[in-house]
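Here's a quick tour for anyone meeting this structure for the first time.

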Amino acid sequence: EVLARLRGLPGVQAVARTSNLPPSTQSGTSGPLSINGQVVDTNPKRAMVSHYSVDPEYFRVMSIALLSGQFFDATSPLEQVVIDERFARVFWPGRSPLGDKFQIEGTSYGGVREFEVIGVSRQMRADRLELATGENVLVSYIRLSQDSAPLTFVAKLDDERRLPMIGEAASSVAPRLVVRTDTIEARYR
């Protein structure tokens, strides 16, 4: 209902659901990473991966450019993921990750433990402002399961001054809901 309400507002160009937004305070997943069944890195710091569970519209809302492969759609299986170019560069140096499968020990999403790379996106801003270890955080995008109902929405607006109407529209669906709205730039500040 919130999605429908937001999509109907003037000046809203696109809306998507997501599990979290950058910069995230979630710690991500770390552990030995395997590609096609072969362990390629046992250093848990280097294998820090932040999984964003997103609906297919998220890429357009966040202006995420596709470098190779494809984005998933609403019918794609949950094991198909899009990774950012930094992830690809670290674990697939000099070659394409498309079609390869990876697993991070102990990671599971919707019962899926092994993920197939179907696309590589442009690197987004750092997920966290800084990690104590100084290590890079790698990003993968997973299709949001229909069973998931995160209350995080992103909207692309034609004018930032329309931001208050987003909060008002969301609150009108559930008046007891605490709604916080801000821009991505404000989140980084």
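Let's start with S63, which sits in the loop between helix 2 (58-61) and strand 5 (66-69). Keep in mind that this is a predicted model. S63 has a positive phi of about 55°, even though S63 is not a glycine. Most residues other than glycine have a negative phi.

You'll find N36 in the loop between strand 2 (33-35) and strand 3 (38-41). Is N36 buried, partly exposed or exposed? At 44% relative accessibility, N36 counts as partly exposed.

**Salt bridges**

How many salt bridges does the structure hold? The count is 7. Here are some of them, with the N to O distance for each.

| Salt bridge | N to O distance |
|---|---|
| E1 and R5 | 3.5 Å |
| R161 and D159 | 2.6 Å |
| D182 and R180 | 2.9 Å |

In the E1 and R5 pair, E1 is exposed at 64% relative accessibility, while R5 is partly exposed at 34%. R161, which meets D159 in a salt bridge, is exposed with 72% relative accessibility. D159 has a relative accessible area of 23%, so it is partly exposed. In the bridge between D182 and R180, R180 is exposed at 65% relative accessibility, and D182 is partly exposed at 27%.

**The largest pocket**

D182 turns up again here. The largest pocket holds about 950 Å³ of space. Which residues lie nearest its centre? They are L21, F153, V154, A155 and D182, out of 32 residues that line the pocket. So D182, besides lining this pocket, is also the salt-bridge partner of R180 and is partly exposed because its relative accessibility is 27%.

Several elements contribute to the lining. Helix 1 (2-7), strand 10, helix 4 (163-173) and helix 5 (184-188) each supply at least two residues. Strand 10 gives the largest share, with 6 residues. Sorted by class, the lining has 20 nonpolar, 4 polar and 8 charged residues.

**A patch on the surface**

Strand 10 also has a loop leading up to it from strand 9. L151 lies in that loop, between strand 9 (138-143) and strand 10 (152-157). With a relative accessible area of 62%, L151 is exposed. Which residues form a nonpolar patch with L151 on the surface? L177 and V179 do, and the patch has about 240 Å² of accessible area together.

**A buried arginine**

Strand 9 is also the place of R143. Is R143 buried or exposed? R143 is buried, because its relative accessible area is 12% and buried means under 20%. R143 and L78 are 65 residues apart in sequence, yet 5.8 Å apart in space, C-alpha to C-alpha.

Technical notes
Residues numbered from 1 in each chain as written. Predicted model: local features only at pLDDT ≥ 70, side-chain atom pairs only at ≥ 80, totals over all residues. Heavy atoms only, no water. Patch = residues over 30% accessible without salt bridge, like charges linked within 9 Å, V, L, I, M, F, W, Y side chains within 5 Å. Areas by Shrake-Rupley, 256 points an atom, 1.4 Å probe, with all protein chains shown as cover. Salt bridge = Lys/Arg side-chain N within 4 Å of Asp/Glu carboxyl O. Helix = DSSP H or I, 4+ residues; strand = E, 2+ residues; numbered from the N terminus. Buried < 20%, exposed > 50% of the residue type's maximum accessible area, 1.4 Å probe, protein only. 1 Å grid on protein atoms, 1.4 Å probe; cavity = no way out; pocket = protein on both sides within 12 Å on 5 of 7 lines; lining within 4 Å. Points joined across faces, edges and corners; volume = space filled by probe spheres on them. Nonpolar A, V, L, I, M, F, W, Y, C, P; charged D, E, K, R; others polar.
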